[in-house]
Amino acid sequence: MEKKNNPVAEGIISKEEFTQNWLRFLTEFLSGSKGFYILLLLSGLIVLIAAMFGVNAMYVGYSHVYGIYREIPWGILISGYVFFVVTSTGLCIISSIGHVFGVKSLIPIAKRSVYLSVVTLLAGFMVIFFDVENPFRMAIWNALSPNPTSNIWWMGTLYGAYLVFMTIEFLLLLIAKYRYAMVAGLLGLISGVAAHSNLGAVFGMLHGREFWYGPYMPIYFIASAAASGCTAIIFFTYLGYRIRNERFDKPMELALQAVGKLWALLLAVLMFFVTWKVITGFAGAEGKVLAIREWLFGKYAINFWFFEVFLGLVAPFFLLLVSRFRNLNQMFVASLLAFIGIFFMRVDLVVIGQIVSHFFEYKVTDFPVILTYKPTLHEIMLIIGACAFCIFSFLIGEKVFKGHHTEIH
Amino acid sequence: MNWKEFFKNLKTEEEGCVPDETKREFLKIGLIITGVAAGGSLLNVVSVVAEGLATSEELHKEYPYKPHYSMVFRVDRCIDCERCVEACRQTNNVPEYGWRTKILERVDTKAVDQQRQFMPILCNHCNNPPCVRACPTKATYKDKQTGIVKMASYKCIGCKTCMVACPYDARYFNEEKRAIDKCDFCWESRLSKGMKITACAEACPAGVRIFGDLSDPNSEVYKIVHQMGKAVWVLKPETGAKPNVFYTIG
Amino acid sequence: MKRIIILASTLILGLSGLVLSEITEEGVKYQESEEAGGPEIVYTKPVKGVLFSHKLHVKELGLPCESCHTAIFEMEAFKSQRNPDFNMDSLYKGKYCGACHNGQTAFASNTKCATCHVGVKGLERLKKKAQAVEKK
């Protein structure tokens, strides 16, 4: 196992150091095994195919190839965006416990988490790029004509800042400038949490959508982010070590244990949140009751009970307990199940908020009380492509940064 | 609506339980609560309700827009001839896949006598518009002069947040304009060119659509809305959007 | 002989189906069965989607053909709507439907508008029914 040497000198990185690092990364990348390049090629290919679907969708017009329509304008692409940025924010939150707030036991997972928080955020941006109708106008008018009452504006701006801070933090970690990295990490954490709670508020401040309206959304999003962060850390750290055929060293084992325990706690919190969301929902306005009924007992019942509750919350929770936070194989399986469950949580979150017809109380024949949405191949391919991008970047990261090993100082 | 106005409106909304004083003021002007069968509930016109028979200057203070464009529907007269829909489509180049105004068909087989009613819908040009609050680039905004919720199409990024925010399904994405489109009370096509009435209101043969200035006591809109003992309602008032489009019978 | 009778009756029934369910520029006619006493007629002028139901007036209310034909309405469907005075004002003066729908014999024609005015939606619905029959 190789360890990076810590330069003692502070200050800006010198030109020689910069080129040295780049050359090192390049040589690492070029010295991979056959398996590495095959996996890379495969995932890269999937990204390309997904991009083709995306470009085709832009050319033909989204209304013709996506399942969304006037009454349900947000579909699984929005869910996908939420899924990836939730994971990104979560990775930032959990890793900041270690290297921003100085909890030493979580330091070993920090570098990989910061790297992946950037990767998953970019994946989220890629997905949203193919949902927004005029993506190239975003940068211009978000800057020239900002609306401070718009949660979307705040989220976009803050995630932009967050991306910058997290990238800087990772680069600083690479060249072992730990004190500067801590500052960048703190700024990243603040902007990330602010951005993410605004994403929750995008839904929570819409009084016309009973299923979403209320203070619950921003709060739930942050708790969910933390849980997703733990999921991602266990998932990717385990994979990272397995594909490099490396044994876990003691500090890493302890770090994963700590993350596992934190995750179990957060799962309990989420189960508590979901329970009360459902119970209070039944006492809510009719629009909310209709949505919750459809969610629990209607077309989305399988999504809810099997994917969200069982795969996303209950099974990982019990697997974690069974593993006593020591059996990393079981914890990995828990994280795999949880990822699938969490994706369905995002889908249900976005779709069910829109399925109750605007005019359900008026007994109209023009719309059914409960609307339907079905994702199309284009939308599904874009999600798969974003996942493939994460795998692709993850593989490169593992190789080039030699397993993201960290000195504990 | 700017930042300050947004918070001011929030505060008046927060008073969930309508105080007795406000209720009495409502009743003075004659805006009474209707039954559920009529398809609506209590309405809240503007944040502060003018008292009874105020003079026009006082009224103008309460209605900040001049003219305060508004529309009233007399739904018992609607016969779904859809001339309004066609007129709107032609006047405003509304594509086939979208609509700016629509006629909903309400059917209640349990109803006595008449079991069908037609209900026109369009953008309500709300006084507390959720779409304007939510738009990241101010591509949609409430006009300070007329109160019309307008589109600055060139700024629209197509995020569709306004579509999700609107409680009334009033918005759709127009592929030709590459922006969200919706009813603008024919501002661009007619009102800005000196015409006094929207295409749909002009086309209606049955006198369903009354378009006018809510702040002008001589306008038909004002007269209908401010009438003792007349049932007038708005759609989905619980969303707090304070719609500017009213529904009545007779 | 039997074969001829069967052929002839099928032809007559088939043709009557064709004649009694029709979509033209002037409107839609749709008749489910003989007992209705005549087709459901949806006028399109001066406004689209005004329904006259033979089934309701003849089968359910038991009105004889003479109550309307031919003093108030001619036998030919849509003949009335070709007249320039086929509008609500004429009804209020007692012409056409207004002969009965005056508030005494039947509900006044300036009330319960959506009972007869089924609108564009009603027109399209009956068109589909008529199209289904025409295909047969």
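Q: What percentage of the 250 residues of chain B count as buried?
A: A residue is buried if 20 or more other C-beta atoms lie within 10 Å of its own, exposed if 12 or fewer, and partly exposed in between, with C-beta atoms placed from the backbone. By that criterion, 49% of the 250 residues of chain B are buried. For chain C, 28% of its 136 residues count as buried. This is a predicted model, in which local features need pLDDT of at least 70 and side-chain atom pairs count only at pLDDT 80 or more, while totals for chains, interfaces and linings use all residues. Residues are numbered from 1 along each chain as its sequence is written, and chains are lettered from A and ligands numbered from 1 in the order in which they are written.

Q: Which elements does each of these chains have?
A: Helices (H or I, at least four residues) and strands (E, at least two) are DSSP runs, numbered from the N terminus. Chain B has eight helices and 11 strands, and chain C has five helices and four strands. Read from the N terminus, the elements of chain C follow the order α-β-β-β-β-α-α-α-α.

Q: What part of the contacts joins residues at least 24 apart in chain B?
A: Two residues are in contact if their C-beta atoms, placed from the backbone, lie within 7 Å. In chain B, 62% of the contacts between residues at least 6 apart in sequence join residues at least 24 apart. In chain C, residues 24 or more positions apart make up 45% of the contacts with a separation of 6 or more.

Q: In what order do the four strands of chain C form their sheet?
A: Strands of a sheet pair through backbone hydrogen bonds, either parallel or antiparallel. Here two strands pair if DSSP finds at least two bridges between them. In chain C the sheet is open, its order is 1-2-3-4, and its pairing is antiparallel. Strand 1 (22-24) and strand 4 (50-53) of chain C each have a single partner strand, so one side of each lacks a neighbour in the sheet. From one strand to the next, the twist averages 10 degrees. Strand 1 of chain C pairs with strand 2 (residues 27-30) of chain C over three bridges, and C:E22 is placed opposite C:K29 in strand 2 of chain C.

Q: Which helix lies across these strands of chain C?
A: Axes are lines fitted to C-alpha atoms, for helices over the stretch in contact, and angles run from 0 to 180 degrees between N-to-C directions. Helix 5 (residues 119-135) of chain C lies across strand 1, strand 2, strand 3 (40-43) and strand 4 of chain C, at about 50 degrees to strand 2 of chain C.

Q: How do helix 4 and helix 5 of chain A cross?
A: Two packed helices are described by the angle between their axes and the distance between the axes. The axes of helix 4 (residues 76-99) and helix 5 (residues 110-129) of chain A come within 8 Å and cross at roughly 160 degrees. Helix 4 of chain A is therefore roughly antiparallel to helix 5 of chain A (angles under 35 degrees count as roughly parallel, over 145 as roughly antiparallel, 65 to 115 as roughly perpendicular and the rest as oblique).

Q: How many residues does each chain bring to the contact of chain A with chain B?
A: Chain A contributes 36 residues and chain B 37 residues. On the side of chain A that touches chain B, helix 6 (135-144) and helix 7 (151-174) of chain A each supply at least two residues.
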